[in-house]
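Look over the sequence and structure first.

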Amino acid sequence: MSAAADKTPAVALVGAVLQRNDRYVLDHVDLRVGRGEIVTVIGPNGAGKSTLIRAVLGLEKLDAGEVRRAPGLTVAYLPQSYQLDPALPLSVRRVLTLTHTPSEARIKAVLEELDIGQLLDVSALRLSGGELQRVMLARALLREPDLLVLDEPTQNVDAAGALDIYQIIARQRARTGCAVLLVSHDLHVVMAATDRVYCLNGHICCSGKPEDVGRERAFVELFGETAAKTLAPYHHHHDHVHGPDGAPHPHHHHHDHTHGHHNHT
Amino acid sequence: MFEPFMIRAILAGLGIAMVAGPLGCFVVWRRMAYFGDTLSHAGLMGIALGLMAGIDPIVGVIVTCVVIGGLLFALQFQRRVPTDTLLGVLSHSALAVGLIAVSTMQNVRLDLTAYLFGDILAITDTDLAWIYGGGFAVLGALAVLWRRLIALTVSEDISRAEGFASTGVRLAFTGLVAIAVAIAMKIVGILLVTALLIIPPAAARRMAHGPEAMSLVTIAVGAVATIAGISASYAWDVPSGAAIVAAAAAIFAASIAAGAALRIRT
């Protein structure tokens, strides 16, 4: 990636604040996704991960702060939950071509990659949860976006399937150079394919390369030692920045300089 | 059977079935039945307005329905009152105000039953022109919006996030439903217009595997129900709207029964 591209992120949140019922769902969140970068948002339940992603997509109105999006950015979105309404008959093919018309060859290739080639012409209403998840992911990949936004892409998928899916996402990035923003629970599988991690709990607790974030005390407090060791196999203690009250002080590890090491072509 | 008013009524019925088919599918898919009710109930106010202003009542109805449609569209963004409660309030108060307005017009003798339940004798050449002119305009606009509306119906979040469809598409669709309700009102009647939007798609659902196929089957169901209903209205002197809706309901029941029979056999 060129240095110029790195300066203009695909998308960024600047000082994003979102309140609901006088509670901060997003508390001055800064986040950027560089072009060609895979960024993962992790955090406990109710941390505001989906809301953050929806804010990035313009689906949630911010109370303060702004979303900066590169002009002309093609976006593909896999929501965390969706239900197909049985009142509307739809084939899988129809779901795949919802907002975009990919070539027949691409459709076949992506479905084969996701191991759902046999589902192309069946009714989407008959799919199992895992099958529907793969179809919705295929749909997002087939849009060939500049920014791929995935909210829990491996829910309803078993561990082996999850690993496959992260490899497929990484291949899509390598092939098209798209930026990827994803929310995930599968700490150990996702980290292998992630450039940068944001740990969210209303505010950004810490961020940086997966192995660095695993060493942050804020991260350990949120996820526990085991999870931290998953991220940082060579875990060693070192000093942290914390506020005088002991609360995790925003201590951003923006290891932006490392992105140049990735080969995105 | 082939008296001029019957030919006009059949033509009107077919035109309405053609427009109500695909729009009704979206009303079912997008769960807007109550919305359709509110629009049609407001139609009576439109009739009163048209008569007061001395213009064709159908113009009054179209204007009122489009205005109420726009109002409902704007109101769905508020959070103070739940949407279905709001629709219930507006739907019935619109009907009440319409009834009061119509009954206070001393100088106009108005056959209220005809407006509420439909009247095949009431169809004029002007109405036919409205049904076909308005109908083709609505269908043309629907064809243009089709893919975006399908995407919006499958997932509003995905459509908005990917910049494929926006509030504008929804607003335009609201307008189309308003016009369709207005032009269907005279033959089906204010109280039964929504039934013509809902029942044919419900009957067609089991006979189609895609949205377009379902729309075409819905048009066919609507056409059969309209012709059957108008003929029954002529033969037995019953309100046309009631007869059309009863015929559509019979087709719906038959489709359910046929579906159940097929499941038992396999």
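## Cavities

A cavity is a set of points, on a 1 Å grid over the protein atoms alone, where a 1.4 Å probe fits but cannot get out; lining residues have an atom within 4 Å of a point. Grid points are joined across faces, edges and corners, and a volume is the space filled by probe spheres set on the points.

This is a predicted model: local features need pLDDT of at least 70, side-chain atom pairs count only at pLDDT 80 or more, and totals for chains, interfaces and linings use all residues. Residues are numbered from 1 along each chain as its sequence is written.

There are four cavities of 30 Å³ or more.

## Largest cavity

Its volume is about 80 Å³. Lining residues include B:Ile47, B:Asp56, B:Tyr115 and B:Lys186. Helix H3 (57-75) and helix H8 (167-188) of chain B each give two or more residues to this lining; helices are DSSP runs (H or I, at least four residues), numbered from the N terminus.

## Second largest cavity

The second largest cavity has a volume of about 60 Å³. Among its lining residues are B:Ile16, B:Ala180, B:Val193 and B:Leu197. H8(B) supplies the largest share of the lining, four residues.

## Cysteines

The model has zero disulfides over all chains; a disulfide is a pair of cysteine sulfur atoms within 2.5 Å. The closest cysteine sulfur to that of A:Cys206 is in A:Cys199, at 4.1 Å, too far for a bond.

A:Cys206 is buried, at 0% relative accessible area. B:Cys25 is also buried, at 0%. Buried means under 20% relative accessible area (1.4 Å probe, protein chains only).

Key
Chains are lettered from A and ligands numbered from 1 in the order in which they are written. Side-chain values use heavy atoms; hydrogens and water are left out. Buried means under 20% relative accessible area, exposed over 50%, partly exposed in between (1.4 Å probe, protein chains only). On a 1 Å grid over the protein atoms alone, a cavity is a set of points where a 1.4 Å probe fits but cannot get out, and a pocket is an open set with protein on both sides within 12 Å along at least five of seven lines; lining residues have an atom within 4 Å of a point.
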